[in-house]
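Grab a pencil and open the viewer.

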Amino acid sequence: MALTSSVLSFLLALLVFRVSTWACLFCFTTHAERFHICQMFVGMDGPDLGQCEDAFIAAFENLSDVEINYEERSHLHDSFAQMIHSLQQVAAAQGEWSFKIAFSNAAKEMKKAILQLKEVQACIPPCGLQEVARRFLCSGCYSAVCDLPLDCPVQDVVVSRGDQAMFLCVVRFRLPEEEITYSWKFAGGLRTQDVSFFRDVPRARGYLARIRPVQPTHRGTFSCAIRHDQRPLARLYFFLNVTGPPPREDTELQVTFREVVRWAPREAEMIEPWDPSLGELLAKPGALTLGNLFLLAVIAALASAGATVLVWMFFRWYFSGS
C-alpha cells in the first residue's frame, strides 16, 4: 500500500509538473479543438489519434512557465486562435504524417508571439494593490497581483508647535486615471495602524492634507486611504509628533497682542472728562489771544445788560405793587 501510494504521488507530481510546463496551450485552446486537428491529420477514427495528441502537447514542452501582462491576455488568446486556424489549414493540405512538423513549427511561432507581448510590469514595494502590475499565469490559467500588503509603513513627521504640517497621499506605482478618491482618518495620540482607533476627518479631501498652525492636540497618526471605484488600493500612515515651543516670531507677535489687550482697558478707565474753571482757562498758555479777549468783552457786556434788565424789572414790580 505504501509503495502504491508513493507511485501515485510521483505520477501526480509528474502530471502537475508537465501541465505547468506548457500550460499556456491548455489555457487558450480546448481539448475539442486539439482533438479535431488530430482527426484532420490522422483521420476521424485513426489508430494514431492518441499519438497525435501526445505529439501536440510535447511540441510545447520547450515553453517554460509563462507570465504575461494581464492586459495582453486577449492578444495571446488571439495568437492561439490563429495557430489553431493555421494548423487546420496545414492538416487539410499536407496529410497524415505531417503533424509532428506542424506542431513543432506552431510552438516556435507561439514562442515568438509571446516574446512580442508587452512585458509584465515589476511590483514596486513596499505596499499597495498594483493593478498595473497584474499578470496572467499560464501555470494555473489565473491572474495575480503583487504579493504586497495594502497598508504602507508608518511615516514619521516631526513638526514644531505653531508650524505647518503637510501630508502627501501619493504612491510610487501608477494609479488608474479615473474614479480615484481619498479619505482621511485620525487616531489621536497614537502611533498605530489599527483601523479601530481611527476616526474620520470629514473636511479632508484630495491627496494633500495640511494643518496649520500645528498644536499638541494634533499629535497622533493620520491615515489616508486611496480607492478606485470604492476598491482600496493603498493605505498610508503619517505619525505627527509635535515638539518644541512656538516659533519666535509668533511668540513676539502673541506677546505684543496680549500687551495691547491688557493696555486698552486700563487706558479706558483712566480717561475722565475735563471741566476746567475760567481761571484755569485764562492761565493756560496762549489763552489770551485777541479773539478770546473780544469774546470775553462781549460776554461781559451781555452779562452787564442782563443784570441791568433784571434790576429794572425788579424795581418796576416793587413800586407798582406799592
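**Exercise 1. Helix pairs**

At what angle do helix H4 and H6 pack, and how far apart are their axes?

Solution. Keep in mind that you're looking at a predicted model.

Step 1: Find helix H4 at residues 49-58 and look at how it packs with H6: the angle is about 20°, and the axes are 9 Å apart.

Step 2: Angles under 35 degrees count as roughly parallel, so H4 is roughly parallel to H6.

Now try another partner for H6. How do the axes of helix H5 and helix H6 cross?

Step 1: Helix H5 covers residues 73-94 and helix H6 covers residues 99-115; their axes come within 11 Å and cross at roughly 160°.

Step 2: Angles over 145 degrees count as roughly antiparallel, so that is the word for H5 and H6.

Step 3: The crossing of H5 and H6 is right-handed.

One more pair. Is H3 roughly parallel or roughly antiparallel to H5?

Step 1: Helix H3 spans residues 31-42, and its axis comes within 8 Å of the H5 axis, with a crossing of roughly 15°.

Step 2: That angle makes H3 roughly parallel to H5.

Step 3: The handedness here is left-handed.

**Exercise 2. A residue in H5**

What distance separates the C-alpha atoms of Gln88 and Ile37?

Solution. Step 1: Locate Gln88, which sits in helix H5.

Step 1: Go to Ile37, 51 residues away along the chain, and you'll find the two C-alpha atoms separated by 6.0 Å.

Step 2: Check the surface. Gln88 has a relative accessible area of 27%, so it is partly exposed.

**Exercise 3. Salt bridges**

How many salt bridges does the structure hold?

Solution. Step 1: The count is eight. Let's look at some of them.

Step 1: Take Asp156 and Arg191, whose closest N and O atoms are 2.9 Å apart in a salt bridge. Asp156 belongs to strand E4 (residues 151-160), while Arg191 is in the loop between strand E6 (180-188) and strand E7 (199-200), so this pair ties together parts that are 35 residues apart in sequence.

Step 2: Next comes the salt bridge of Asp200 with Lys185, where the closest N and O atoms are 2.3 Å apart. Since Asp200 is in strand E7 and Lys185 in strand E6, the pair ties together parts that are 15 residues apart in sequence. Asp200 is exposed at 57% relative accessible area, and Lys185 is partly exposed at 31%.

Step 3: Look for shared partners: salt bridges join Glu131, Arg134 and Arg231 into one network. Inside it, the side chains of Arg134 and Glu131 meet at 2.9 Å, N to O.

Is Arg134 buried or exposed?

Step 4: Buried means under 20% relative accessible area. Arg134 has 14%, so it counts as buried, whereas Glu131 is partly exposed at 30%.

**Exercise 4. A nonpolar patch**

Which residues make the nonpolar surface patch of about 450 Å²?

Solution. Step 1: Pick out Met166, Leu168, Val170, Tyr207 and Leu208.

Step 1: Zoom in on one member, Leu168, which lies in strand E5 at residues 165-168.

Step 2: Leu168 has a relative accessible area of 40%, so it is partly exposed.

Notes. Residues are numbered from 1 along each chain as its sequence is written. This is a predicted model: local features need pLDDT of at least 70, side-chain atom pairs count only at pLDDT 80 or more; totals for chains, interfaces and linings use all residues. Side-chain values use heavy atoms; hydrogens and water are left out. Patches are made of residues with over 30% relative accessible area and no salt bridge: like charges are joined within 9 Å, nonpolar side chains (Val, Leu, Ile, Met, Phe, Trp, Tyr) within 5 Å. Accessible areas come from the Shrake-Rupley method with a 1.4 Å probe; for residues, only the protein chains shown count as cover. A salt bridge is a side-chain nitrogen of Lys or Arg within 4 Å of a carboxyl oxygen of Asp or Glu. Helices (H or I, at least four residues) and strands (E, at least two) are DSSP runs, numbered from the N terminus. Buried means under 20% relative accessible area, exposed over 50%, partly exposed in between (1.4 Å probe, protein chains only). Axes are lines fitted to C-alpha atoms, for helices over the stretch in contact, and angles run from 0 to 180 degrees between N-to-C directions. Angles under 35 degrees count as roughly parallel, over 145 as roughly antiparallel, 65 to 115 as roughly perpendicular and the rest as oblique. A crossing is left-handed if the near helix is turned anticlockwise from the far one by less than a right angle, and right-handed if clockwise.
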